[in-house]
Amino acid sequence: MAARGQGKSDPFSIRLAMPEDRFVREEAKRLRQSRGTIVEAYTAEAIRMRRFPGIAFRGEDQRRRAWVLGTGLDVWEIVALVREFGSEQKVVKEYELTPGKIRVALAYYNESKSEIEEQLTLSRRSAEELSSRFPFIQSFEAATTVAGT
């Protein structure tokens with residue numbers, strides 16, 4: 001997880017319990033990053049989950065994204081739904097999301113706008129751009145036509 005545009009604090013040292021230290025060492029080796037970078041990324045994620053109860057993170061190491069527990073939806077998807085429907089109440093009714101889940105997603109968005117806006121931009125790529133970039137991907141219609149032949 002990248003730094004969020006703020007400077008670094010003064011350095012300090014920590015001692016981890018053996019199981020956690022072993023895990024950090026293995027992750028650092030696997031990801032080819034320093035132990036400090038691993039601890040910083042995991043700490044930032046844990047702090048964000050504490051600040052926004054109901055938010056968790058998923059995805060590959062370099063492509064982690066925030067999602068709302070109990071929904072299956074990423075934060076960017078809930079933000080997109082609220083924009084599309086024009087109100088939280090319409091999203092609650094249409095998708096059976098609780099107002100609390102929508103509020104935590106919007107609160108996370110307000111704190112992390114650049115992160116979520118980047119994901120929203122990626123989600124709006126055209127079919128032509130996607131097929132140019134990923135020529136092996138087929139649309140649902142094309143896949144079902146091929147399967148039906």
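Phe 52 and Tyr 108 are both buried in this predicted model.

How do the rings of Phe 52 and Tyr 108 sit relative to each other, stacked or edge-to-face? Their planes stand at 75 degrees and their centres are 5.4 Å apart, so the pair is edge-to-face. The angle decides this, because planes over 60 degrees apart count as edge-to-face. The partners come from separate places along the chain: Phe 52 is in the loop between H2 and strand S1 (55–58), while Tyr 108 belongs to helix H5 (residues 99–111). The pair therefore ties together parts that are 56 residues apart in sequence.

**Another aromatic pair**

In total, the count comes to four aromatic pairs. One of them is formed by Phe 23 and Tyr 42, and this pair is tilted, with 40 degrees between the planes and 6.1 Å centre to centre. Phe 23 sits in helix H1 (residues 18–31) and Tyr 42 in helix H2 (residues 35–51), 19 residues apart, so this pair links distant parts of the chain. Are these two residues buried or partly exposed? The table gives the values.

| Residue | Relative accessibility | Class |
|---|---|---|
| Phe 23 | 42% | partly exposed |
| Tyr 42 | 33% | partly exposed |

Helix H3 (residues 75–85) packs with helix H6 (residues 113–123), and their axes are 9 Å apart at an angle of about 75 degrees. That angle makes H3 roughly perpendicular to H6. Which residues make the contact? On the H3 side they are Val 75, Trp 76, Val 79, Ala 80 and Arg 83. On the H6 side they are Ile 116, Glu 117, Gln 119, Leu 120 and Ser 123.

**The whole chain**

Stepping back, the chain has eight helices and three strands. Read from the N terminus on, the elements run α-α-β-β-β-α-α-α-α-α-α. Of the 149 residues in the chain, 26% are buried. Among contacts with a separation of 6 or more, 44% come from residues 24 or more positions apart. Finally, the accessible surface of the chain comes to about 11,000 Å², and carbon and sulfur atoms account for 54% of that surface.

Terms used:
Residues numbered from 1 in each chain as written. Predicted model: local features only at pLDDT ≥ 70, side-chain atom pairs only at ≥ 80, totals over all residues. Heavy atoms only, no water. Phe/Tyr/Trp six-rings, centres within 6.5 Å; stacked < 30°, edge-to-face > 60°. Helix = DSSP H or I, 4+ residues; strand = E, 2+ residues; numbered from the N terminus. Buried < 20%, exposed > 50% of the residue type's maximum accessible area, 1.4 Å probe, protein only. Contact = heavy atoms within 4.5 Å. Areas by Shrake-Rupley, 256 points an atom, 1.4 Å probe, with all protein chains shown as cover. Axes fitted to C-alpha atoms, helices over the stretch in contact; angles between N-to-C directions. Parallel < 35°, antiparallel > 145°, perpendicular 65-115°, else oblique.
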